[in-house]
Amino acid sequence: YPYGYENHESLGIERSTATAVKKDQPSSILRHDSKETFSIGPIDREKSGMPSRKWQKDAPATFAPALTQYFNAMENLASVLFRGLALALQLDDSSWFLNEGRFDEGHQCALRILNYPHLEYEEEEGPKKVHIRAGAHTDYGAMTILKSGGPGLQLQLSSSKSNGVASTVDDTAWIDVPHLSDAFIINLGDLMQRWTNDKWRSTLHRVIAVADDCGTDQ
């Protein structure tokens, strides 16, 4: 996992057209996300088997303590949420997700803070041009606890069937997730889909910015 600082990532499925080696032969290349990230993992590298935390030498003195405190708070919140998820699945053991080999003391969860910087755009792109800040993807873990800093998150609903009848929901449309300043967004990932044998599906999502919103960091 890329612990520490990173500003070059391609999470999504969106592709842009580029000129190939031979003239007039377009090719498709994966778009890079327009964001910066800083990530830390569990404090106990022996139990988790993950790399040590990498702190920036020029970071403010309060940076590491603040992220460590937040990481610990999210660990506690995750434990509560996992119990709630077990109850929702009507499992016999409400601590199933907390048992050894799952979200135990050797878990490999990470904390990521993201910055979506100012974007420049051409005048001819129009006032509603969509810019990809984080490409469309599903999270690979069990769940993501997201504290959003502003609007821009979108998701696609998973196609499903109920009693053999196909859903009428458009599973190709992008749906805006409302931004609530004092709330968390819980996003289910690929591991949860596997654990529940597809009863709960991981959510395809992305982060965008329209041209009107490109002038500020988020």
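User: Where is the place of S148, between which two strands?
Analyst: This is a predicted model, in which local features need pLDDT of at least 70, side-chain atom pairs count only at pLDDT 80 or more, and totals for chains, interfaces and linings use all residues. Residues are numbered from 1 along each chain as its sequence is written, and side-chain values use heavy atoms, with hydrogens and water left out. Strands (E, at least two residues) and helices (H or I, at least four) are DSSP runs numbered from the N terminus. S148 is in the loop between β7 (143–146) and β8 (153–156).

User: Is S148 buried or exposed?
Analyst: Buried means under 20% relative accessible area, exposed over 50%, and partly exposed in between, with a 1.4 Å probe and protein chains only. The relative accessible area of S148 is 15%, so S148 is buried.

User: Which residues is S148 in contact with, leaving aside its neighbours within four places in sequence?
Analyst: Contact means heavy atoms within 4.5 Å. With those neighbours left aside, the residues in contact with S148 are H179 and I185.

User: The side chain of S148 reaches which backbone oxygen?
Analyst: A polar contact is a pair of N or O atoms within 3.5 Å; within protein, one must be able to donate a hydrogen and the other to accept it, and residues adjacent in sequence count only if both atoms are side-chain atoms. At 2.7 Å, the side chain of S148 reaches the backbone oxygen of G150.

User: In what order do the three strands of the open sheet lie?
Analyst: Two strands pair if DSSP finds at least two bridges between them. Three bridges join β1 to β4, and five join β4 (residues 36–40) to β5. The pairing is antiparallel, and the order is β1-β4-β5.

User: Why is one side of β1 and of β5 left without a neighbour in the sheet?
Analyst: β1 (4–6) and β5 (111–115) each have a single partner strand, so one side of each has no neighbour in the sheet; both stand at the edges.

User: Which residue of β5 is the bridge partner of T37?
Analyst: T37 is in β4, where it is the bridge partner of E6. F38 stands opposite I113 in β5. The bridge partner of T37 in β5 is L114.

User: What angle does the direction of helix α2 make with that of β5?
Analyst: Axes are lines fitted to C-alpha atoms, for helices over the stretch in contact, and angles run from 0 to 180 degrees between N-to-C directions. Helix α2 (residues 63–88) packs on the sheet and touches β4 and β5. Its direction makes an angle with that of β5 of about 120°.

User: How many of the residues of β4 are buried?
Analyst: In the chain of 218 residues, buried residues make up 31%. β4 is mostly covered, and of its five residues the number buried is four.

User: Where does S48 lie, and is it buried or exposed?
Analyst: S48 lies in helix α1 (residues 45–48). A polar atom of its side chain is 2.9 Å from the backbone oxygen of D44. Leaving aside neighbours within four places in sequence, S48 is in contact with P42, G106, H107 and Q108. Its relative accessible area is 4%, so S48 is buried.
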